[in-house]
Amino acid sequence: MTAADPITTPPNEALFLLGPRGPFEVRPTPMPTPGSGELVVRVRAVAVNPVDAITGPLRRLVSPWVRFPTVLGSDVAGEVVAVGPDVTDLRVGDRVTAFAAGQEKARNRASEGGFQRYVTVLERVTTRLPADVAFDRAAVLPLALATAAAGLYEADQLGLPFPTVGASHADEVVLVWGASTSVGMNAVQLARASGYTVVATAGRANHDLVRALGAEAVVDYRDADVDRQVVAALGGRRLVGTVAIGKGSLGHALRIARSAPGTKRIASAYPDPVTSMRSRIERLRGMHVTAIWGGTPVVSPVGPAVFRDFLPAALADGRFRPAPEPTVVGDGLEALPTALQTLRNGVSATKIVVGMDA
């Protein structure tokens, strides 16, 4: 293991969630020691996600395996301070963003939760950052990127080819319903990087933003004839799959897929308990509906294909933008509960970020 000088390394602290309903408490916690394929990152910025903001019985429903007290947080950016055995591409001092997988069933360790000063992450879902990408901008990426990538690339989801820098263009279409969400913005860019045309939906105020990320056409999801407009935008081209994000998105996606030529595959990113039941019904009608779990790339080939093989070069040459833009609401672990409440109050086309330099 290569590590930072322990004399200059401040002690570790974490924001612990003591039970499913809370409360939160900042506590000292041991400095992580990286194992095989792992890194320790000094966190400089952390983003919050809806999964962090849930509480009570719903938290038990979403992640029943989690042991309390636990450390939440999936989206981190900072500097590598230690590397474990078998780490091949990253070094101490590298600026990175990473998916902190502490809440994933396969990991389930407080030392891998992002809401702390020093976090253990896996090299396979860590990306080296260019010098011109600030930590607060990079922190918006990991969970949204992983969720979009899972929907697009996992074999049991849409199963599309991995993204590449300079992909050749195919006259086939991916529909991203909910493209101004964090997941949607990443799905638009990844689908383009896999060579597909993107048709998207978003509120009218965000149409220019979604087009700037690579969508050919954007339709307002609130329009009464939105399904007809989307089918018209497809223009008879083959629909290779749909990423459906947000409440009510699955019904629209099903109607559109039935009307368009293509694979009839829909990856749903809305945590709707009805999705699994509908997927069984729709299979009988020739449709393929699956629910996306954003942490799947932590253990599948999709993780390194996107985080390691594609994203560093794509960020460096500007082909991929960290999106959405961050809204920084404070600094330090003590600011995170307020950040979570800000998220619960509702945001649009932004991601709530907390700095970690305090």
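Two strands count as paired here if DSSP finds at least two bridges between them. Keep that in mind as we walk through this structure, which is a predicted model.

**A strand with two partners**

Let's start with strand β9, residues 172-177. It is mostly covered, with 5 of its 6 residues buried. On one hand, β9 is joined to strand β12 (residues 238-244) by 6 bridges, and the two run parallel.

Bring in helix α5, residues 182-193, and you get a right-handed β-α-β unit made of β9, α5 and β10.

**The pocket beside α5**

Helix α5 turns up again in the second largest pocket, where it gives the largest share of the lining, 3 residues. That pocket holds about 260 Å³ of space. Its lining counts 17 residues, and Q189, R192, A193, L213 and R319 are the ones that lie nearest the centre.

Now jump to helix α7, residues 226-234. Its buried residues are V226, D227, V230, A233 and L234. These sit on the same side of α7, because they cover an arc of only 125° around the axis. Turn to the other side of α7 and you find R228 and A232, which are exposed.

**A strand buried both ways**

Strand β7 (residues 118-122) is mostly covered as well: 5 of its 5 residues are buried. In a regular strand, side chains alternate between the two faces of the sheet. In β7, Y118, T120 and L122 point one way, while V119 and V121 point the other way, and all are buried. So where does β7 find a partner? Strand β4 (residues 38-47) is joined to β7 by 5 bridges, with the two running antiparallel. Within that pairing, E38 stands opposite L122 of β7.

Most residues other than glycine have a negative phi, and most peptide bonds are trans.

| Where | What | Angle |
|---|---|---|
| G22 and P23 | cis peptide bond | omega about 0° |
| A323 and P324 | cis peptide bond | omega about 5° |
| D86 | positive phi, not a glycine | phi about 70° |
| K264 | positive phi, not a glycine | phi about 65° |

Where in the chain are they? P23 is in the loop between β2 (13-17) and β3 (24-28). P324 lies in the loop between α11 (311-316) and β15 (325-331). For K264, look in the loop between α8 (249-259) and β13 (265-268). D86 is found in the loop between β5 (75-83) and β6 (95-99).

Is D86 buried or exposed? With a relative accessible area of 59%, D86 is exposed, because the cut-off for exposed is over 50%.

Methods. Residues are numbered from 1 along each chain as its sequence is written. This is a predicted model: local features need pLDDT of at least 70, side-chain atom pairs count only at pLDDT 80 or more; totals for chains, interfaces and linings use all residues. Side-chain values use heavy atoms; hydrogens and water are left out. Buried means under 20% relative accessible area, exposed over 50%, partly exposed in between (1.4 Å probe, protein chains only). Helices (H or I, at least four residues) and strands (E, at least two) are DSSP runs, numbered from the N terminus. A crossover is right-handed if, with the strands pointing away from the viewer, the path from the first strand over the helix to the second runs clockwise. On a 1 Å grid over the protein atoms alone, a cavity is a set of points where a 1.4 Å probe fits but cannot get out, and a pocket is an open set with protein on both sides within 12 Å along at least five of seven lines; lining residues have an atom within 4 Å of a point. Grid points are joined across faces, edges and corners, and a volume is the space filled by probe spheres set on the points. The arc is that of the directions from the helix axis to the C-beta atoms.
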